[in-house]
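Here is a short tour of one protein model, with its sheets, a helix residue and a pocket in turn. Keep the viewer open as you read.

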Amino acid sequence: MTVTVSPPRHDEILARLRKLHPRLIDLSLGRVERLLATLGHPERQLPPVIHVAGTNGKGSLIAYLRAMLEAGGQRVHAYTSPHLVRFNERIRLAGRLIEDAEVEAVLEEVEAANAGAPITEFEIVTAAAFLAFARTPADVLLLETGLGGNFDSTNVIDRPALTAITPIDFDHMDFLGPTLAEIATAKAGILKSGVTAVIGPQRPEAMEVIAATAARVGAPLFRRGTEFEVERLADGFRYRDAEGTLDLPAPALPGDHQIDNAATAVACARRLAPFRPDPAAIAAG
């Protein structure tokens, strides 16, 4: 006997929505701002947001930080992309993957509100995610940019609780520019006045752009190698900042770069008083 498994209905909805814009990627905030206004501004009804940009390590940073906060009893939303297996992986509601019926409901609501206007798939999905996040109680939202930062559709949060930038490298040069400085300029676009920015290890050229942007907008920086330090140990790593020192286990994911990602997550968690990282959660992440 052959069993036929039908694809989730939200795949059909997304396929329909892809026809509304000739380009898969079109960096701009105007379309998503219009749509969010029509929806009643769900982006203004979210729990405290940690907005994450960068090239390498965004997903790992969010995974570690989510594990830490959840181990401390916090209810955590998360928005990431792309997904590995199922679209639902992109939207976590207070610790669980969004269900098919929930995805379909918010996508159809957003589709109706958009009324056939030109819009990209990522903009539609971001608006739908904001609707779902606004309607489900949580303590914090971990929000990953899709591409770049300044004109990414996630960059409609006027005042996040915190921003974070993971290592910047050459990526999406056809959209962000051919030089590291141009790419860093795009990603530093998430920095906001008065909002602390946790900065992972950076190349000097990228760090120069981040520092200049932070000075211009008035964003305090909390930088690897300046405000916090990381020392690799035989069985883990030592994190140090002005609040003190933590000896922590090695992350479950292999590689020295994962220690950098975990340390940046610790720095974020320690900026979110009264949240504090649980060392066991780093290994679990």
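Is A184 buried or exposed? A184 counts as buried, because its relative accessibility is 0% (buried means under 20% relative accessible area, exposed over 50% and partly exposed in between, with a 1.4 Å probe and protein chains only). This is a predicted model, in which local features need pLDDT of at least 70 and side-chain atom pairs count only at pLDDT 80 or more, while totals for chains, interfaces and linings use all residues. Residues are numbered from 1 along each chain as its sequence is written, and side-chain values use heavy atoms, with hydrogens and water left out.

**Around A184**
- A184 sits in helix α7 (residues 180-187); helices (H or I, at least four residues) and strands (E, at least two) are DSSP runs, numbered from the N terminus.
- Leaving aside residues up to four places away in sequence, A184 touches I168, A206 and V209 (contact means heavy atoms within 4.5 Å).
- A184 and E208 are 24 residues apart along the chain, and their C-alpha atoms are separated by 9.0 Å.

**The sheet of 8 strands**
- This open sheet has the order β4-β3-β2-β5-β1-β6-β7-β8, with mixed pairing (two strands pair if DSSP finds at least two bridges between them).
- Its edge strands, β4 (96-97) and β8 (221-223), each pair on one side only.
- Strands β1 (residues 49-53) and β6 (residues 162-165) run parallel and are joined by 4 bridges; A53 stands opposite I165 in β6.
- Helix α3 lies across β1, β2 (76-79), β3 (91-93), β5 (140-144) and β6, running at about 170 degrees to β5 (axes are lines fitted to C-alpha atoms, for helices over the stretch in contact, and angles run from 0 to 180 degrees between N-to-C directions).

**The sheet of 3 strands**
- Here the order is β9-β10-β11, in an open sheet with antiparallel pairing.
- The edge strands are β9 (228-233) and β11 (244-249).
- Strand β10 (residues 236-241) is joined to β11 by 6 bridges, and F237 stands opposite L248 in β11.
- Helix α9 (residues 256-270) packs on this sheet, touching β9, β10 and β11, and its direction makes about 35 degrees with that of β10.

**The second largest pocket**
- A pocket is an open set of points on a 1 Å grid over the protein atoms alone, where a 1.4 Å probe fits, with protein on both sides within 12 Å along at least five of seven lines; lining residues have an atom within 4 Å of a point.
- The second largest pocket is lined by 15 residues, and G59, T80, P82, L84 and E89 lie nearest its centre.
- Helix α3 (residues 58-71) gives the largest share of that lining, 4 residues.
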